[in-house]
Amino acid sequence: MKIEEPIKTTVEELRKLLDVKNLVGEAIETEDKVLIPLMKMGVGFGAGMGEGTSSESEGGSGSGAGAAAGAEPVAMIVLKGVEGPEGVRVIDLRSGSTGRIIQELGSTVTDIIREISDKREPESESKE
């Protein structure tokens, strides 16, 4: 087996991962805010090939390639209904900022839950 095939296949799969959609999340809209999650991504890649013979066989060869990727949330952009810099906040989601995250997102999470439950209530009422 040639080394080119496993590398080509692995790189094609990596290209699918390395997309801006995987780094900038889909916007979450609430009544008065828009939340945009930001991620960081790490990727590792490796490939190898070998061949050999022994006194009892004709020999053989092999090749392989592999990759790994990981994503981690690093920030949340909060857009409020106010124009200018006052309407934009960036919340750091990296470790060590948990208390501030909870404080900043508390009202927004409440808004999201309220919005989801409001959307579900009309559906259940129409079925009755």
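I began with a charged pair: lysine 40 and glutamate 72 form a salt bridge, with their closest N and O atoms 3.9 Å apart. I note at once that this is a predicted model. The pair links distant parts of the chain, 32 residues apart. Lysine 40 sits in strand β2, and glutamate 72 sits in strand β3.

Next I looked up how open these two side chains are. Lysine 40 has 46% relative accessibility and counts as partly exposed. Glutamate 72 is partly exposed too, at 35%.

How many salt bridges does a search of the whole structure find? I get 2. I keep the general point in mind: side chains of opposite charge can pair when their charged atoms come close.

Is lysine 33 buried or exposed? I find it buried, at 11% relative accessibility. The call follows because buried means under 20%. Aspartate 32 is partly exposed, with a relative accessible area of 44%.

Strand β2 covers residues 33-54, and strand β3 covers residues 57-80. The two run antiparallel, joined by 21 bridges.

What order do the strands take in the sheet? I read β1-β2-β3-β4. The sheet is open, has 4 strands, and its pairing is antiparallel. I marked the edges: β1 (28-29) and β4 (88-92) each pair on one side only.

Helix α1 came next. The helix spans residues 4-17 and packs on the sheet. I see it touching β2 and β3. Its direction makes about 5° with that of β3.

Which residues make the nonpolar patch? I list Leu17, Leu18 and Val43, with a patch area of about 250 Å². Leucine 17 belongs to helix α1. This leucine is partly exposed, with a relative accessible area of 35%. Leucine 17 can count toward a patch because patch residues need over 30% relative accessible area.

Technical notes. Residues are numbered from 1 along each chain as its sequence is written. This is a predicted model: local features need pLDDT of at least 70, side-chain atom pairs count only at pLDDT 80 or more; totals for chains, interfaces and linings use all residues. Side-chain values use heavy atoms; hydrogens and water are left out. Two strands pair if DSSP finds at least two bridges between them. Contact means heavy atoms within 4.5 Å. Axes are lines fitted to C-alpha atoms, for helices over the stretch in contact, and angles run from 0 to 180 degrees between N-to-C directions. Patches are made of residues with over 30% relative accessible area and no salt bridge: like charges are joined within 9 Å, nonpolar side chains (Val, Leu, Ile, Met, Phe, Trp, Tyr) within 5 Å. Accessible areas come from the Shrake-Rupley method with a 1.4 Å probe; for residues, only the protein chains shown count as cover. A salt bridge is a side-chain nitrogen of Lys or Arg within 4 Å of a carboxyl oxygen of Asp or Glu. Buried means under 20% relative accessible area, exposed over 50%, partly exposed in between (1.4 Å probe, protein chains only).
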